[in-house]
Structure formats: C-alpha cells, structure tokens
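Here is a friendly briefing to read alongside your model. It goes through the sheets, a helix pair and the ligand site in turn.

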Amino acid sequence: MESIIETKDLTISFGGHIAVNQVSVSIPRNLFTSVIGPNGAGKTTFFNLLSGQLNPTVGKVFFKGENITKKSTVERTRLGIGRSFQITNVFPNITVLENVRLAIQSREKVRFQMIRHFTYYKKFTEEALNILNTVLLSKRANALAANLSHGEKRKLEIAMLLALDPELLLLDEPTAGMSLEEVPAILEVIENIKKEGNRTIILIEHKMDMVLGLSDQIIVLYNGELLAQGNPEEIMDNETVQTAYIGGESK
Ligand SMILES: Nc1ncnc2c1ncn2[C@@H]1O[C@H](COP(=O)(O)OP(=O)(O)OP(=O)(O)O)[C@@H](O)[C@H]1O
C-alpha cells in the first residue's frame with residue numbers, strides 16, 4: 001500500500017534522554033492511523049518530527065517519497081502536512097466564518113483585485129461554509145470567535161486546519177481538556193473528515209474506545225520506541241502491548 005509518510009530510524013535526544021528512538025514506520029495513504037502509548041512515550045515528539053517543529057538527531061522523514069527531513073514547518077505545511085496547533089491566527093473579534101474564509105484566502109494567496117474580488121469572495125465563502133458544516137459549526141458561523149465555548153474553539157481550530165487543505169492531518173489529542181459532553185461532537189467531526197475520504201489522518205489519543213472505533217491501524221510507542229504496529233485487533237491481542245501499555249494505563 002502506498003505510504004503518505006514514512007520514517008527511517010527516526011531518533012531525537014534531549015540532552016541524554018532519547019525521546020524517540022529509531023522509529024521506522026510507514027503510514028499508508030487514506031488509512032486512519034492512531035498513535036498510542038503511555039504518558040511520556042514520545043507521541044507528541046514524534047508528531048513534532050513529522051511536522052518539522054523538531055529536527056531529528058538521527059533518521060529521516062519522507063513525505064510522498066520525498067525526503068523532507070531538512071524542510072521547515074512552513075515548507076511541510078505547503079507540501080500538505082497540517083498540524084492543529086500550527087494554527088495560531090484565529091482572530092477573536094471577527095466571526096467564525098470570516099476566520100475560516102481568511103485562512104482559505106491566505107492559502108490561495110489571492111491578490112485583492114477589485115474586479116475579481118467578488119468571484120473569489122463567493123468561492124471562498126462557499127468553501128468556508130462547507131468546512132464549517134464538516135466541523136459542526138455551521139450554526140455558529142456568524143458568532144464572534146471570542147464567544148465560542150472551549151469545545152467550539154477546538155472545532156474552529158480544526159476548521160482552520162482544513163482551510164489549508166492538507167493531504168495529511170496530524171491531530172494531537174483533539175479532545176484534550178474537553179468536558180465529557182463535548183467529546184462525542186469532536187468524534188463526529190473526525191468521522192466527517194474521515195468520510196470525506198480525501199485526507200489521511202494520524203491521531204494521537206488516550207481514549208482507547210475512540211482509537212479502536214476510528215483506526216485502521218495503530219502505532220504503539222513505548223519509551224520512545226516502536227512497540228507495535230497493526231490493526232486494532234492485532235494491537236489488542238498483542239501481549240507485549242497489553243503488558244506494557246493497555247493493562248497499565250489508567251488515563
Ligand atoms: N523539548 C524537550 N526537552 C526535553 N525533554 C523533552 C522535550 N520534549 C519532550 N521531552 C521529553 O521526551 C519524552 C517524550 O515526551 P512526549 O511529550 O513526546 O510524550 P507523549 O507520549 O506525547 O506524552 P503525553 O501522552 O503525556 O502527551 C518525555 O520524557 C518528555 O519529558
């Protein structure tokens with residue numbers, strides 16, 4: 001199966017501590033992959049190495065076959081890798097719809113020419129409304145971003161990410177800090193993106209029921225190392241995983 005992103009011996013150490021240790025994985029295009037592992041296993045660091053926030057001490061990252069190890073975060077975003085927390089430009093004092101439309105506009109780097117402006121405005125507004133539909137924020141399109149609840153803000157962050165039109169979406173614990181009532185909506189948002197079928201999603205998540213329900217394959221990290229990779233059944237049946245992680249994880 002064609003891989004969208006691949007790592008070879010990916011390693012990073014902070015001082016003496018090896019946070020990600022010789023991880024070689026191939027992540028197939030259009031499959032839903034989750035990365036699990038106990039606290040401190042190296043999941044977020046692994047994402048940082050994929051998105052370019054960190055450079056590996058050793059090892060390589062390939063995106064669609066191209067060696068991107070030396071590329072910056074901005075270059076990787078341009079190539080099609082989208083990471084949720086990269087989106088810092090949510091403007092609190094404009095509406096939800098305007099935020100998403102502006103993000104689309106900046107993606108397209110449109111020059112404001114008055115004659116063409118109306119055509120683009122309509123096109124971008126339609127795309128923004130479609131994205132808001134995907135993230136279940138249509139009803140809040142005209143609300144000021146500042147007035148959103150915590151759960152709605154997370155949805156807007158995902159919307160801003162979708163506005164970049166990434167081929168690969170890296171979602172790092174999208175339900176973190178959410179109330180239990182807000183979790184099903186985020187799950188529905190992820191399912192909507194999955195259903196649209198044009199993006200590959202990699203999810204870091206502690207909620208095992210969510211991981212098992214969404215994933216085609218699961219990568220297990222433990223002490224920075226790749227402990228296992230397989231479909232949900234294989235991972236649940238894997239004795240090493242049970243001993244190292246699932247049995248011992250309470251979060
Ligand atoms: N910038 C850094 N400097 C020093 N140590 C770091 C740095 N970033 C991460 N670490 C260490 O690397 C290890 C892996 O951290 P990481 O955040 O990747 O784990 P995680 O699996 O995402 O954990 P969690 O589930 O708690 O988010 C931890 O021991 C952490 O303290």
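Ile 5 stands opposite Phe 63 in strand S4, and this pair belongs to the antiparallel pairing of strand S1 (residues 3-14) with S4 (residues 58-63), which runs over five bridges. Please keep in mind that this is a predicted model, in which local features need pLDDT of at least 70, side-chain atom pairs count only at pLDDT 80 or more, and totals for chains, interfaces and linings use all residues. Residues are numbered from 1 along each chain as its sequence is written. Helices (H or I, at least four residues) and strands (E, at least two) are DSSP runs, numbered from the N terminus, and two strands pair if DSSP finds at least two bridges between them.

**The four-stranded sheet**

- Four strands form an open, antiparallel sheet in the order S2-S1-S4-S5.
- S2 and strand S5 (66-67) stand at the edges with a single partner strand each, so one side of each is left without a neighbour in the sheet.
- S1 and S2 run antiparallel and are joined by eight bridges; Glu 6 has Ser 26 in S2 as its bridge partner.
- The hairpin of S1 and S2 has two residues between the strands, and Gly 15 takes a positive phi near 60° there.
- Helix H1 lies across S1, S2 and S4, running at about 60° to S2. Axes here are lines fitted to C-alpha atoms, for helices over the stretch in contact, and angles run from 0 to 180 degrees between N-to-C directions.

**The six-stranded sheet**

- An open sheet of six strands has mixed pairing and the order S6-S7-S8-S3-S9-S10.
- Its edge strands are S6 (81-83) and S10 (225-230), each of which pairs on one side only.
- From one strand to the next, the twist averages 20°.
- Strands S7 (residues 168-172) and S8 (residues 200-204) run parallel and are joined by five bridges, with Leu 171 opposite Leu 203 in S8.

**The H3 and H5 helix pair**

- The axes of helix H3 (residues 96-108) and helix H5 (residues 150-163) come within 8 Å and cross at roughly 25°. That makes H3 roughly parallel to H5, a label for angles under 35 degrees.
- In contact (C-beta atoms, placed from the backbone, within 7 Å), Val 96, Asn 99, Val 100, Ala 103, Ile 104 and Arg 107 in H3 meet Leu 156, Ala 159, Met 160 and Ala 163 in H5.
- The residues of this contact divide into eight nonpolar, one polar and one charged. Nonpolar here covers Ala, Val, Leu, Ile, Met, Phe, Trp, Tyr, Cys and Pro, charged covers Asp, Glu, Lys and Arg, and the others, Gly among them, count as polar.

**The ligand site**

- Around the ligand are Phe 14, His 17, Ala 19, Gly 37, Asn 39, Gly 40, Ala 41, Gly 42, Lys 43, Thr 44 and Thr 45. A residue is near a molecule if its C-beta atom, placed from the backbone, lies within 6 Å of it.
- The elements giving two or more residues to this shell are strand S2 (17-28) and helix H1 (43-51), and H1 gives the most, with three residues.
- By class, the shell around the ligand holds three nonpolar, seven polar and one charged residue.

Terms used
Parallel < 35°, antiparallel > 145°, perpendicular 65-115°, else oblique. Contact = placed C-beta atoms within 7 Å.
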